[in-house]
Amino acid sequence: MSDDRPPRVPILMYHAVTFAPTPAVRALSVTPDAFAEQLAALADGGFTPLTAAALATAWRGGGPLPDRPVLITFDDGYEGVHRYALPALARYGFPATLFLSTGWLRGPYDTGDAPDTMLDWRQVRELATAGVEIGGHSHGHPPLDGLDDRRLRQEVLRCREVIAEEVGTAPESFAYPYGHSDRRVRGMVRGLGFRQALAVGNALAARAQGPYALARLTVRRRTGTEEFARLVEGRGLVRAYAADRVLTKGYALVRRARQVVRPCPPGP
């Protein structure tokens, strides 16, 4: 009997790929060896990696997806994506999507706030040439739903403009810093030219989520091989991310409270 249920797709969210992360990024980093093992597991499992743009295009137009689709995404722009992840991706011929916080990258736009060693723009261009989709992740990596309209626009637009200048093509895909967004943030991201955006959610992505709220699965330093295999199959997600859901609810309450007490900006 055929399965007519709408497909649900694992979108993997990585950060730093490194042997020696700083304390600030350690929990959300993976070792190069672990990353290579996880790619091998995807290959052995018959998964077909896509970029964020390819998935959203298929869902937007109702087009077919390959067998066992999966997305490999990286946030922020850590140097290990070029040093360690790119050779592993090339070994399997896997595409990926990299979401850049443009103010954290080494070069002329560097704000000096990066939590670890970041890519430079030459490396970004080499990643793009190798088939990695380059997406936006804001300029300074703030929680976007806590910004006023002026700063929100600056963060999203500056990121898009810098990537277009340095890579030669304006990015189509966006990922919300910390996974935080609301209707206003999603509307701004869409209005400034991004065609799809990814959150976190720690759930499988589905077309019904809409192109501006696609869920992802967090991959951490403590994600073992067996747990990784369960995650990409969509099994054991509630248990694996129980603590994250509690924190997410708490952060949402704090952000809403801050928005209520935030003073209104002065009139014109």
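This is a predicted model: local features need pLDDT of at least 70, side-chain atom pairs count only at pLDDT 80 or more; totals for chains, interfaces and linings use all residues.
Biologist: How many salt bridges does the structure hold?

Modeller: There are 9 salt bridges. One of them joins the side chains of Asp-75 and Arg-216, at 2.8 Å from N to O. Here the partners lie 141 residues apart, with Asp-75 in strand 4 (residues 69-76) and Arg-216 in strand 10 (residues 214-218). Asp-75 and Arg-216 are both buried.

Biologist: Now for Arg-184: which residue does its side chain meet in a salt bridge?

Modeller: The partner of Arg-184 is Asp-149, and the N to O distance is 2.7 Å. This pair ties helix 6 (residues 183-191), which holds Arg-184, to helix 5 (residues 149-167), which holds Asp-149, across 35 residues of the chain.

Biologist: Why does Arg-184 count as partly exposed?

Modeller: The general idea is a pair of cut-offs: buried means under 20% relative accessible area, and exposed means over 50%. Arg-184 has 30% relative accessibility, so it counts as partly exposed. Asp-149 is also partly exposed, because its relative accessible area is 46%.

Biologist: How do I read a helix that has a buried face?

Modeller: Start with the geometry: an α-helix has 3.6 residues a turn, so residues three or four places apart point the same way. In this model, the buried residues of helix 5 are Leu-152, Glu-155, Val-156, Cys-159, Val-162, Ile-163 and Glu-166. Looking down the axis of helix 5, you find these buried residues within an arc of 135°, and therefore they line one face of the helix. Arg-150 and Glu-165 are exposed on the other side of helix 5.

Biologist: What covers the buried residues of helix 5?

Modeller: The cover includes strand 5 (96-100), helix 4 (121-129), strand 6 (132-136), strand 7 (173-175) and helix 6.

Biologist: And what should I look at along the length of helix 5 and at its ends?

Modeller: For length, compare the span with the expected one. Helix 5 has 19 residues and reaches 27 Å from its first C-alpha to its last, close to the expected 27 Å at 1.5 Å a residue. Just after the helix, Gly-168 has a positive phi of about 100°.

Biologist: Is Asn-202 buried or exposed?

Modeller: Asn-202 counts as buried, because its relative accessibility is 5%. You will find Asn-202 in the loop between strand 8 and strand 9 (205-206). The side chains of Asn-202 and Thr-218 are joined by a polar contact of 2.8 Å.

Notes: Residues are numbered from 1 along each chain as its sequence is written. Side-chain values use heavy atoms; hydrogens and water are left out. A salt bridge is a side-chain nitrogen of Lys or Arg within 4 Å of a carboxyl oxygen of Asp or Glu. Helices (H or I, at least four residues) and strands (E, at least two) are DSSP runs, numbered from the N terminus. Buried means under 20% relative accessible area, exposed over 50%, partly exposed in between (1.4 Å probe, protein chains only). A polar contact is a pair of N or O atoms within 3.5 Å; within protein, one must be able to donate a hydrogen and the other to accept it, and residues adjacent in sequence count only if both atoms are side-chain atoms. The expected span of a helix is 1.5 Å times one less than its number of residues. The arc is that of the directions from the helix axis to the C-beta atoms. Contact means heavy atoms within 4.5 Å.
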